[in-house]
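Please find below a short note for a colleague who is opening this entry for the first time. The points are numbered so that each can be checked against the display.

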Amino acid sequence: MINKILALTLGVLALVWAGDCREPSLQVQARLVEIPGKLPHNDLYNYVYVFKYKVLKVIEGKYAESEILVGQYNPAQARTAIKDKMAPVAKGNLAAFRA
C-alpha cells in the first residue's frame, strides 16, 4: 500500500509543476479515486488523460480542496516504459493506474 501511494504521489508530482517545469509549486500525497472511461491506446499519438485524486496530505505549497485533477502522460504505459522527452516528468515505478 505504501509503494502504491508513493508511486501515485510521484505520478501526481510529475505533472503538478509551475513555470519552467523544474520547481514544484504544489506537492501533495494523493490517492487515485477515478479514471473516467476507458484509457485510449497510444499507438498513433501521445496524450494526457485527466484523473481525479483524493488529496491525503499537502507536502509543499497550499491547497485547500479535498480532490485534485491531474493530467497523466500516456497513462496506459508503465512509467518506466516512457523514454521520450516527457520521461523526466512522467517518472516513477508505477506499472498501471488503478482507481
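Does Phe 51 count as buried or exposed, and at what relative accessibility? At 0% relative accessibility, Phe 51 counts as buried, where buried stands for under 20% relative accessible area, exposed for over 50% and partly exposed for what lies in between, with a 1.4 Å probe and protein chains only.

1. Basis of the note. This is a predicted model, in which local features need pLDDT of at least 70 and side-chain atom pairs count only at pLDDT 80 or more, while totals for chains, interfaces and linings use all residues. Residues are numbered from 1 along each chain as its sequence is written, and side-chain values use heavy atoms, with hydrogens and water left out.

2. Overall layout. The protein has one helix and three strands, and from the N terminus on these elements follow the order α-β-β-β; helices (H or I, at least four residues) and strands (E, at least two) are DSSP runs, numbered from the N terminus. Of its 99 residues, 32% count as buried. The accessible surface comes to about 6300 Å², and 55% of that surface belongs to carbon and sulfur atoms, the areas being computed by the Shrake-Rupley method with a 1.4 Å probe and, for residues, with only the protein chains shown counting as cover. Among contacts with a separation of 6 or more, 48% join residues 24 or more positions apart, a contact being heavy atoms within 4.5 Å.

3. Strand pairing. Strand 1 (residues 27-34) pairs with strand 2 in the antiparallel sense over seven bridges, and Gln 27 has Glu 60 in strand 2 as its bridge partner. Strand 2 and strand 3 also pair in the antiparallel sense over seven bridges, with Ile 68 in strand 3 as the bridge partner of Tyr 53; two strands pair if DSSP finds at least two bridges between them. Strand 2 and strand 3 form a hairpin with six residues between them, and Gly 61 in the turn has a positive phi of about 90°.

4. The aromatic residues. The structure holds four aromatic pairs, for which rings of Phe, Tyr and Trp (its six-membered ring) must have centres within 6.5 Å, with planes under 30 degrees apart counting as stacked, over 60 as edge-to-face and the rest as tilted. One of these joins Tyr 49 and Phe 51, whose ring centres are 5.9 Å apart and whose planes stand at 70°, so the pair is edge-to-face. Phe 51 also forms an edge-to-face pair with Phe 97, at 5.1 Å centre to centre and 65° between the planes. Because Phe 51 lies in strand 2 (residues 48-60) and Phe 97 in the segment after strand 3, this pair ties together parts that are 46 residues apart in sequence. Tyr 49 counts as buried at 16% relative accessibility, and Phe 97 does so at 8%. Tyr 45, Tyr 47, Tyr 49, Phe 51 and Phe 97 form one aromatic cluster.

5. The nonpolar core. The largest nonpolar core has 13 residues, of which Val 28, Leu 32, Phe 51, Tyr 53, Ile 68 and Phe 97 touch the most other members; such a core is a set of buried Ala, Val, Leu, Ile, Met, Phe, Trp, Tyr and Cys residues joined through side-chain atoms within 4.5 Å. Strand 1, strand 2 and strand 3 each supply at least two residues of this core, and strand 2 gives the most, with four residues. In soluble globular proteins, nonpolar side chains tend to be buried together.

6. Two buried polar residues. Gln 72, in strand 3, is buried with a relative accessible area of 1%, and its side chain is joined to that of Tyr 53 by a polar contact of 2.7 Å; a polar contact is a pair of N or O atoms within 3.5 Å where, within protein, one must be able to donate a hydrogen and the other to accept it, and residues adjacent in sequence count only if both atoms are side-chain atoms. Asn 74 has its place in the segment after strand 3 and is likewise buried, with a relative accessible area of 1%. Leaving aside neighbours within four places in sequence, Asn 74 is in contact with Asn 42, Tyr 45, Asn 46, Tyr 47, Arg 79 and Ile 82.

7. The end of the chain. Ala 99 lies in the segment after strand 3 and is exposed, with a relative accessible area of 66%. Not counting residues up to four places away in sequence, Ala 99 touches Leu 32, Val 33, Glu 34 and Ile 35.
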